[in-house]
Amino acid sequence: MPKLKKGLVPLIVFVVKVGDFVILNLLLVAFHYVYEKYMPYEIQTEEKTIWVVVNLCYGFSVSLFGVRLVDRVVGIETIIRNAFYIVVFHFVLLNCSFAILNIFDVSGWMIFCFSGSMCLLLIGWRVSLRLILKSYRKKGGNLINIVIIGAGEVAEQVYEEMKADVFSGFKVLGFFDNNVKSSEIIPDYLGTLQDLPAFCNSKRIDEIYYTLPITTGQHFMPLVRFARMNIINFFVVPDFNRVLKRKIDLLFLDNIALFKFSTEPLSIKSNRIVKRVLDIVFSVLVIIFTYPLLFLILVPLIKLSSPGPILFKQERTGLKGENFVCYKFRSMTVNKDADNLQATRGDTRITRLGSFLRKTNLDEMPQFINVIKGDMSVVGPRPHMIKHTEEYSRLIDRYMFRHLVKPGVTGWAQVTGFRGETKDLKQMEGRVEKDVWYIENWSILLDIKIILNTVINAVIGDDNAF
């Protein structure tokens with residue numbers, strides 16, 4: 001597949017903005033039709049003026065906030081947030097412009113409905129384009145050429161992350177390091193740091209990642225100047241990334257750079273209130289629309305599958321390390337090892353119906369009662385058995401950090417490949433790392449994304465569910 005040339009990136013931005021204006025004006029046509037047909041009075045202001053004002057205000061809004069979907073590293077939630085900010089600013093600007101121009105015969109409610117519709121359509125349009133662009137990059141299009149300075153552990157970590165992120169279009173050409181012995185262990189060793197300028201001049205290099213210690217690198221500033229002169233993005237990867245696995249904010253005290261540990265979003269009361277509102281609303285809707293049918297069908301089937309209660313109740317570790325009783329539909333035969341042994345693939349304790357319930361997440365449905373009670377959240381780190389908490393809290397650094405928030409019916413770890421049995425310590429460490437990342441990067445849009453991914457996984461199936 002031919003690569004998308006770097007000079008065509010502005011064309012992608014142009015296409016996005018053209019699509020924005022097409023949506024805007026089609027929506028104007030639709031609302032104009034509704035206004036004329038259903039409103040009891042006619043608009044006195046010249047309609048052409050309104051159309052011009054709406055388009056000019058939108059043009060200013062989109063130029064202010066930009067088009068984030070073409071960025072290499074950007075999440076869906078960032079694209080949604082960007083589109084939301086554009087529409088909100090457009091709404092405010094539109095009302096101010098109408099007031100200045102004395103256009104008072106346009107209903108404020110109509111403007112609000114127009115902006116709400118625009119927000120939904122704009123998000124849909126931009127997210128769809130982002131998915132198309134990511135698919136194109138995965139197939140080898142729109143790649144950027146990258147070289148890494150250094151051949152140590154940090155360089156390897158950068159390489160592995162870029163290699164795993166096939167959707168961002170990173171193409172690592174190789175490594176430069178003054179230790180020539182690196183050529184014996186690194187297949188993509190390109191030479192010493194003195195060889196870098198010549199290599200960059202012979203190839204189209206877009207980005208350089210510097211992973212060596214700055215304090216001992218006499219080549220650092222010459223390389224920075226070279227990158228600037230040749231319009232190459234230059235990134236410094238600090239060595240402490242290996243030990244500080246958390247989000248850090250960069251601040252400046254005059255010309256002095258300061259690194260500050262970020263505050264966990266859910267330590268802020270307003271964020272906890274927003275999350276709790278989502279928990280209650282979502283859980284109430286689930287209970288109202290699914291519980292009557294679920295209990296009507298599953299109660300007799302569970303009873304017929306094997307002797308025992310309908311609900312499985314187990315003490316698990318919750319917020320701040322406090323234990324609570326977690327509810328599930330019983331998917332196993334009654335056994336003495338339920339509180340000690342984790343379910344494994346081919347586990348003979350799991351009933352035939354239980355296997356179906358676990359694959360589709362239906363066994364977790366009673367946990368929405370836990371959410372209403374306040375023991376759990378819809379999204380959060382999965383609650384573990386007390387035995388696992390006692391065991392892994394001694395073995396894994398920051399394991400107890402995951403209990404800073406309420407456990408969830410589903411979580412970031414579960415939708416990113418860490419669902420089900422943990423066969424060894426490394427798998428549990430991976431799950432904990434995902435849980436910690438969720439806590440440090442929480443947003444309401446991230447919660448919605450996890451919920452949608454959970455539903456999709458339940459429909460299409462998950463290999464780790466058994």
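## A helix to start with

Why does the distance between the end C-alpha atoms of helix 3 agree with the span its 25 residues should have? Helix 3 covers residues 76-100, and at 1.5 Å a residue it should span 36 Å; its end C-alpha atoms are 36 Å apart, so the two agree. Keep in mind that this is a predicted model.

Several residues of helix 3 are buried, among them Ile79, Ala83, Ile86, Val87, Leu94 and Phe98. The buried set also includes Glu77, Asn82 and His90. Just after helix 3 comes Asn102, with a positive phi of about 60°.

## The whole chain

Stepping back, the protein chain has 15 helices and 11 strands. Of its 466 residues, 42% are buried. Looking at contacts between residues at least 6 apart in sequence, 71% join residues at least 24 apart.

In soluble globular proteins, nonpolar side chains tend to be buried together. Here, the largest nonpolar core has 35 residues, and those with the most contacts inside it are Ile302, Phe329, Phe368, Tyr438 and Ile450. Elements giving two or more residues to this core include helix 9 (269-305), strand 9 (323-329), helix 14 (425-440) and helix 15 (444-460). A second, separate core has 33 residues, including Val74, Phe114, Val127 and Leu129.

Leaving aside residues up to four places away in sequence, Tyr438 touches Lys275, Val379, Gly380, Pro381, Trp412, Leu446, Asp447 and Ile450.

Notes: Residues are numbered from 1 along each chain as its sequence is written. This is a predicted model: local features need pLDDT of at least 70, side-chain atom pairs count only at pLDDT 80 or more; totals for chains, interfaces and linings use all residues. Side-chain values use heavy atoms; hydrogens and water are left out. Helices (H or I, at least four residues) and strands (E, at least two) are DSSP runs, numbered from the N terminus. Buried means under 20% relative accessible area, exposed over 50%, partly exposed in between (1.4 Å probe, protein chains only). Contact means heavy atoms within 4.5 Å. A nonpolar core is a set of buried Ala, Val, Leu, Ile, Met, Phe, Trp, Tyr and Cys residues joined through side-chain atoms within 4.5 Å. The expected span of a helix is 1.5 Å times one less than its number of residues.
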